[in-house]
Amino acid sequence: MASLLVCIGSSCHLKGSYNVIQTFQQMVEEYDLHDQVEMKAQFCMKRCQQGVSVSLDGVDYDVSPQTAREFFITHILQNRPTP
Ligand code: FES
């Protein structure tokens with residue numbers, strides 16, 4: 001199961017973390033990934049100078065509301081195990 005953390009600290013909130021979470025939740029629904037993606041909100045991840053801070057299985061990324069869908073496709077959909 002992929003562990004996806006999204007920062008909801010004040011800086012990331014201002015950059016659109018709420019919209020990033022909404023996008024990820026929609027995609028989990030759309031692709032029925034409830035048993036493959038565990039998503040959690042996290043307070044400041046100490047990378048406030050970047051975009052919205054996201055951590056996927058311990059690897060840090062910067063995302064924005066505009067790139068969230070592409071991030072999800074590239075890093076989660078295309079990397080999920082084939083049945
Ligand atoms: S508020 Fe998100 S990294 Fe600091």
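I started at Ser55, which stands opposite Asp60 in strand 4. I take strands (E, at least two residues) and helices (H or I, at least four) as DSSP runs, numbered from the N terminus. The model is predicted: local features need pLDDT of at least 70, side-chain atom pairs count only at pLDDT 80 or more, and totals for chains, interfaces and linings use all residues. Residues are numbered from 1 along each chain as its sequence is written, and side-chain values use heavy atoms, with hydrogens and water left out.

**Strands 3 and 4**

I looked up the pairing next. Strand 3 (residues 52-56) and strand 4 run antiparallel and are joined by five bridges; two strands pair if DSSP finds at least two bridges between them. Ser53 has Asp62 in strand 4 as its bridge partner. The hairpin of these strands has two residues between them, and Asp57 there takes a positive phi near 50 degrees.

Axes here are lines fitted to C-alpha atoms, for helices over the stretch in contact, and angles run from 0 to 180 degrees between N-to-C directions.

Contact means heavy atoms within 4.5 Å.

**Helix 2 and helix 3**

I checked how helix 2 packs with helix 3 (residues 68-77): the angle is about 45 degrees and the axes are 9 Å apart. That makes helix 2 oblique to helix 3 (under 35 degrees is roughly parallel, over 145 roughly antiparallel, 65 to 115 roughly perpendicular, the rest oblique).

I listed the residues that meet: Val20, Thr23, Phe24, Met27, Val28 and Glu30 in helix 2, and Ala68, Arg69, Phe71, Phe72, Ile73 and Leu77 in helix 3.
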